[in-house]
Amino acid sequence: MKLGIRVESVVKKFGDLTALKTVSFDITKPGLYGLIGPNGAGKTTMFKCIAGLLVPTSGDVFINGGKVEYNDLSIKQKIGFLPEDSGLYDKLTAKEFLSIMAGMHGLSKKDAGKKVKEIVELVGINYPPSKIVKFMSSGQRRLLSIASILLHNPNIIILDESLSGLDPINREHISRIMRELSKENIVLFSSHILSDIWSLCERILILKEGNLILDDTPGEILSRVSDNAYFLQVLTDIEAAQDVLVSFPQVKSAKIHGDKLIFHLSDYEFINEIIRKITEKVKIKSFGPNIPDLDQLFVRLVNGI
Ligand SMILES: Nc1ncnc2c1ncn2[C@@H]1O[C@H](COP(=O)(O)OP(=O)(O)OP(=O)(O)O)[C@@H](O)[C@H]1O
Ligand SMILES: [Mg+2]
């Protein structure tokens, strides 16, 4: 099987509004892929086109090499899609809900029981299976929703705002599940929280007003928005660290600002060697790209770099 999501020149119009304007991208390896963009950028529309819940006005989507057709059952078997506003049946218990969802994916009663148990463990649902959906907290509901889209072992997992509205503990918990799933599957998710995307993803896709304006690795994006500027904080002799930095021809400038060294690097490939040399002499406290905070970075990214 050829794992992948291929989006080819997808346009989606709703009447006069063009929500997606010729969007193309290709994901061919397991991993975590983040889709960001302001409200109304077209993220949910994109996900629905991939999941076969919306028909593109033009263009095609391919999942594992097969073309996505509207409401195609074979596509649904390959995809686990967590919608933004996933509705759960309020009156059911967690166990009943998962059993029904397993049945909907064609699992026999016996297999469903086994699978539900396995997924409950994987997702780490630790509230009683007899708990009624109506009385669950939003974090508990989110876990249940995630469990419900994994029962058929999808290898393409699409999560629309899976981390929003959760406390940091639940965010970390769900991030961990996403990381685990991404080892063997493609996990494509949207978030407004740039730090989540940043720490998790190997590729970031940015939609703005229906256009895919960026598709790159966090490292590449950072080096663009930071103008190749980095900061370094050390625990010991900051001047010794500065001496090491300026000894590298790839370091364009290295100035001390308060307790930080700010420097420009013409070629990121040398960073490991530079850091290693510095650690031979001084203890490093922190190091990173010299960028504004992540919220400001989000604004800069969507407004064009
Ligand atoms: N079924 C629909 N009918 C008409 N317009 C729609 C429909 N679905 C989405 N839109 C419009 O398409 C545009 C993109 O919406 P979409 O929900 O894809 O954005 P989004 O990036 O997911 O935003 P958010 O971050 O707020 O979830 C918006 O202008 C929205 O109003
Ligand atoms: Mg949305």
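## Helix pair α3 and α4

Helix α3 crosses α4 in the right-handed sense (a crossing is right-handed if the near helix is turned clockwise from the far one by less than a right angle, and left-handed if anticlockwise). Helices here are DSSP runs of H or I of at least four residues, and strands are runs of E of at least two, numbered from the N terminus. The axes of α3 (residues 94-104) and α4 (residues 109-123) come within 9 Å and cross at roughly 120°; axes are lines fitted to C-alpha atoms, for helices over the stretch in contact, and angles run from 0 to 180 degrees between N-to-C directions. The pair is therefore oblique, given that angles under 35 degrees count as roughly parallel, over 145 as roughly antiparallel, 65 to 115 as roughly perpendicular and the rest as oblique.

Leu98, Ser99 and Ala102 of α3 make the contact with Ala112, Val116 and Val120 of α4, where contact means heavy atoms within 4.5 Å. Five of these residues are nonpolar, one is polar and none is charged (Ala, Val, Leu, Ile, Met, Phe, Trp, Tyr, Cys and Pro count as nonpolar, Asp, Glu, Lys and Arg as charged, and the others, Gly among them, as polar).

## Basis of the model

The model is predicted: local features need pLDDT of at least 70 and side-chain atom pairs count only at pLDDT 80 or more, while totals for chains, interfaces and linings use all residues. Residues are numbered from 1 along each chain as its sequence is written, chains are lettered from A and ligands numbered from 1 in the order in which they are written, and side-chain values use heavy atoms, with hydrogens and water left out.

The domain assignment, automatic or taken from a database, gives domain 1 (5-221) and domain 2 (227-289). Taken over C-alpha atoms, the centres of domain 1 and domain 2 are separated by 40 Å.

Helices α8 (residues 218-225) and α11 (residues 294-302) have axes that come within 12 Å and cross at roughly 85°, so the two helices are roughly perpendicular to each other. In this contact, Ile221, Leu222 and Val225 of α8 meet Leu297, Arg300 and Leu301 of α11. The contact residues comprise five nonpolar, no polar and one charged.

## The four-stranded sheet

An open antiparallel sheet is formed by four strands in the order β2-β1-β4-β5; two strands pair if DSSP finds at least two bridges between them. Strands β2 (17-27) and β5 (66-67) stand at the edges with a single partner strand each, so one side of each lacks a neighbour in the sheet. Seven bridges join β1 (residues 5-14) to β2 in the antiparallel sense, and lysine 13 stands opposite threonine 18 in β2. Helix α1 (residues 43-50) packs on this sheet, touching β1, β2 and β4 (58-63), and its direction makes about 120° with that of β1.

Strand β2 also contains threonine 22, which has a positive phi of about 55° although it is not a glycine.

## The six-stranded sheet

Six strands form an open sheet of mixed pairing in the order β6-β7-β8-β3-β9-β10. Its edges are β6 (79-82) and β10, each with a single partner strand, so one side of each is left without a neighbour in the sheet. From one strand to the next, the twist averages 15°. Strands β6 and β7 (residues 156-160) run parallel and are joined by four bridges; glycine 80 has isoleucine 157 in β7 as its bridge partner.

Glutamate 209 lies in the loop between β9 (203-208) and β10 (211-216). Its phi is near 45°, a positive value in a residue other than glycine.
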